[in-house]
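Have the viewer open as you read.

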Amino acid sequence: MIETIAHPTAPSAPEGARPAGAPPFLRPGAQIDWHYRRPGWTAGDASTIAPMRVVRDDPRGLVAWLAPGTVQEAQGAPDGRRIRTVPLERRWTERRIRIREEWWGNGILRIAPTGTPWSVWLFWSGEPWTFSGWYVNLENAHLRAGEATYSSDHVLDVWIDAAGHAQLKDEDELEEALVQGRIAPEEAAHIRRHAEAAIASFAAGDWPFDPA
């Protein structure tokens with residue numbers, strides 16, 4: 001396993017949350033709510049909450065399924081638009097509200113390896129479904145409380161296609177997050193190192209990139 005450094009942003013999980021990989025674990029088929037909260041989140045703030053089905057939950061990590069058409073809580077602009085539609089130059093300063101939206105496209109399998117500052121999302125496309133690749137969402141290592149898992153997104157991501165070609169995604173968003181004060185320079189440096197570590201983990205065949 002590629003060694004990684006501690007996640008760079010403060011956790012935003014309920015008090016008393018335990019590290020992922022520690023019991024109690026949820027049974028396959030149980031619902032788990034997958035939360036993304038900004039650093040410094042407080043009650044009433046907008047967040048992203050996706051209700052998902054547990055495929056596996058054990059010391060190695062959490063594997064959960066997000067079904068097509070799932071309605072989830074999301075973050076929106078004050079006029080109700082999805083936050084990703086806000087122009088980039090003010091995306092991180094715009095006030096965010098809670099909205100509901102439907103997951104588009106095919107379902108995805110999300111895997112949160114224990115103690116790792118990213119989750120791995122497996123995408124399929126077409127009909128019948130064909131595996132498209134691994135989307136590595138850089139984020140805090142997950143914390144667990146009840147039937148929920150909590151993390152904070154780190155803006156920069158990695159896309160690895162089915163042929164194994166890796167590329168960074170949303171570098172422009174990370175730069176704007178720096179300019180707009182959403183992320184500090186030292187945090188951005190940590191995040192870039194995590195991107196490098198994730199690509200190295202894929203090259204090494206670590207779980208969950210291996211077929212086992």
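## The chain as a whole

The chain has an accessible surface of about 10200 Å², and carbon and sulfur atoms hold 54% of it. Accessible areas come from the Shrake-Rupley method with a 1.4 Å probe, and for residues only the protein chains shown count as cover. Please keep in mind that this is a predicted model: local features need pLDDT of at least 70, side-chain atom pairs count only at pLDDT 80 or more, and totals for chains, interfaces and linings use all residues. Residues are numbered from 1 along each chain as its sequence is written, and side-chain values use heavy atoms, with hydrogens and water left out.

For 212 residues, a compact globule would have a radius of gyration near 17 Å, and the chain agrees with that at 17 Å. This radius is taken over C-alpha atoms, and the globule rule is 2.2 Å times the number of residues to the power 0.38. The C-alpha trace spans about 45 × 40 × 35 Å along its principal axes.

## Elements, burial and charge

The chain holds two helices and 13 strands. These are DSSP runs numbered from the N terminus, with helices being H or I of at least four residues and strands being E of at least two. Of the 212 residues, 45% are buried; here buried means under 20% relative accessible area, exposed means over 50%, and partly exposed lies in between (1.4 Å probe, protein chains only).

Among the contacts with a separation of 6 or more, 59% are between residues 24 or more positions apart. A contact means heavy atoms within 4.5 Å. As for charge, the chain has 22 positive and 29 negative charges, and their mean positions are 5 Å apart. Lys and Arg count as positive and Asp and Glu as negative, while His and the chain ends are not counted; each charge is placed at NZ of Lys, CZ of Arg, CG of Asp or CD of Glu.

Is R37 buried or exposed? R37 counts as buried because its relative accessibility is 11%. This arginine sits in the loop between β2 (31-36) and β3 (48-58). Beyond its neighbours within four places in sequence, R37 is in contact with S12, A13, P14, S47, Y150, S151 and S152. A polar atom of the R37 side chain lies 3.1 Å from the backbone oxygen of S12.

S152 itself belongs to the loop between β11 (148-151) and β12 (153-161), and S152 is buried, with a relative accessible area of 0%.

Q75 is part of strand β5 (residues 71-76) and counts as buried at 16% relative accessibility. Which residues does Q75 contact, leaving aside its neighbours within four places in sequence? They are Y36, A46, S47, T48, R82, I83, R96, I97 and I99. With T48, the contact of Q75 is polar, side chain to side chain, at 3.5 Å.

R84 lies in the loop between β5 and β6 (97-102). With a relative accessible area of 41%, R84 is partly exposed. Leaving aside neighbours within four places in sequence, R84 is in contact with R91, K169, D170 and E173, and a polar contact of 2.8 Å joins the side chains of R84 and E173.

## Backbone points to check

D170, a contact of R84, has a positive phi near 70° although D170 is not a glycine. D170 lies in the loop between β13 (166-169) and α1 (171-179) and counts as buried at 12% relative accessibility. V155, also not a glycine, has a positive phi of about 75°. V155 lies in strand β12 and is buried, with a relative accessible area of 3%.

Where are cis peptide bonds found? One joins E127 and P128, with omega about 5°, and P128 lies in the loop between β8 (118-125) and β9 (130-139). Another joins W207 and P208, with omega about 10°; P208 is in the segment after α2 (185-204).

Definitions and conventions: A polar contact is a pair of N or O atoms within 3.5 Å; within protein, one must be able to donate a hydrogen and the other to accept it, and residues adjacent in sequence count only if both atoms are side-chain atoms.
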